[in-house]
Amino acid sequence: MPRYCFCLQVKPDRMTAYAERHRAVWPEMRQALHDTGWRNYSLFLRGDGLLIGYVEADDLEAARAAMAKTDVNTRWQAEMAEFFTGLDGGPPDAGFQLLDEVFHLDVREGQ
């Protein structure tokens, strides 16, 4: 399954609140992510606000498009937008920058 990594910048003064929000992600948001093809999804937050996301999906653009059609995602993105810098008025899920994978250790390759 393809792997994707992305980054965003959380406002340094909002990092604690951002982390708290993610300890209580709405059940319907979690279900929508699952139903639209997001797998093995994780977020990592560095001390200066750099947010790194990792997700596996058969087709990330299709998964993003499917999420964009859900009401729960519209509500979640509207609430989360205040936590980020550099979105130019857009929702966080439209503003993340995909990173290029340059290495992946696949244990099976060496066996």
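Glu 28 counts as partly exposed, with a relative accessibility of 40%. Salt bridges that share partners join Glu 28, Asp 71 and Arg 75 into one network. The model is predicted, and the structure holds 7 salt bridges.

**Glu 28 and Arg 75**
- The side chains of Glu 28 and Arg 75 meet in a salt bridge, at 4.0 Å from N to O.
- Glu 28 lies in helix α2 (residues 27–35) and Arg 75 in helix α4, so this pair ties together parts that are 47 residues apart in sequence.
- Arg 75 is partly exposed, at 36% relative accessibility.

**Glu 79 and Arg 21**
- A salt bridge also forms between Glu 79 and Arg 21, whose closest N and O atoms are 3.2 Å apart.
- This pair links distant parts of the chain, with Glu 79 in helix α4 (residues 71–80) and Arg 21 in helix α1, 58 residues apart.
- Glu 79 counts as partly exposed at 34% relative accessibility, and Arg 21 counts as partly exposed at 28%.

**Arg 3 and Glu 101**
- Arg 3 forms a salt bridge with Glu 101, and the closest N and O atoms are 2.6 Å apart.
- Arg 3 lies in strand β1 (residues 3–10) and Glu 101 in the segment after β5 (97–99), so the pair ties together parts that are 98 residues apart in sequence.
- Arg 3 is partly exposed, with 28% relative accessibility; Glu 101 is partly exposed, with 45%.

**Glu 20**
- Glu 20 lies in helix α1 (residues 15–22).
- The relative accessible area of Glu 20 is 44%, so Glu 20 is partly exposed.
- Glu 20 and Gly 47 are 27 residues apart in sequence, and their C-alpha atoms are 15 Å apart in space.

Notes
Residues are numbered from 1 along each chain as its sequence is written. This is a predicted model: local features need pLDDT of at least 70, side-chain atom pairs count only at pLDDT 80 or more; totals for chains, interfaces and linings use all residues. Side-chain values use heavy atoms; hydrogens and water are left out. Helices (H or I, at least four residues) and strands (E, at least two) are DSSP runs, numbered from the N terminus. Buried means under 20% relative accessible area, exposed over 50%, partly exposed in between (1.4 Å probe, protein chains only).
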